[in-house]
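Please examine the sequence and the three-dimensional structure shown below before reading the report.

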Amino acid sequence: MAEKIVVYSHESRDCFHIALTANPVVLRVLEIIASPEYSESIAWSRLHFWCVDETHMEPNGHDHFFFFNDRLFSKIDIPSKNIHR
């Protein structure tokens, strides 16, 4: 999936939209694309991330955006307008 995100970020369309859930597999993919091996190859300004299950709160008070931010958004240079909470 990480390799596909690299490709999608460079396609000729205006942008590419990705819906995020806090599924463990999705969170692992976020960690992978945040790594230098992938993050330096991704055109972040062309990707839009949508947090689709944001209403869920963990017992520690963290919502799902906390996990997305911790694993990806805080580690990359992406326009804030491309992150849809």
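## Basis of the report

This is a predicted model, in which local features need pLDDT of at least 70 and side-chain atom pairs count only at pLDDT 80 or more, while totals for chains, interfaces and linings use all residues. Residues are numbered from 1 along each chain as its sequence is written, and side-chain values use heavy atoms, leaving out hydrogens and water.

## Strands and their pairing

Helices (H or I, at least four residues) and strands (E, at least two) are DSSP runs, numbered from the N terminus. Strand S2 covers residues 47-51, and four of its five residues are buried. Here, buried means under 20% relative accessible area, exposed means over 50%, and partly exposed lies in between (1.4 Å probe, protein chains only).

Two strands pair if DSSP finds at least two bridges between them. S2 pairs with strand S1 (residues 16-20) in the parallel sense over five bridges; Ala19 stands opposite Trp50 of S2. S2 also pairs with strand S3 (residues 83-84), again in the parallel sense, over two bridges. Phe49 has Ile83 in S3 as its bridge partner.

## Cysteines

A disulfide is a covalent bond between the sulfur atoms of two cysteines. By the criterion used here, the two sulfur atoms must lie within 2.5 Å. The structure holds zero disulfides.

Cys15 is partly exposed, with a relative accessible area of 24%, whereas Cys51 counts as buried at 7% relative accessibility.
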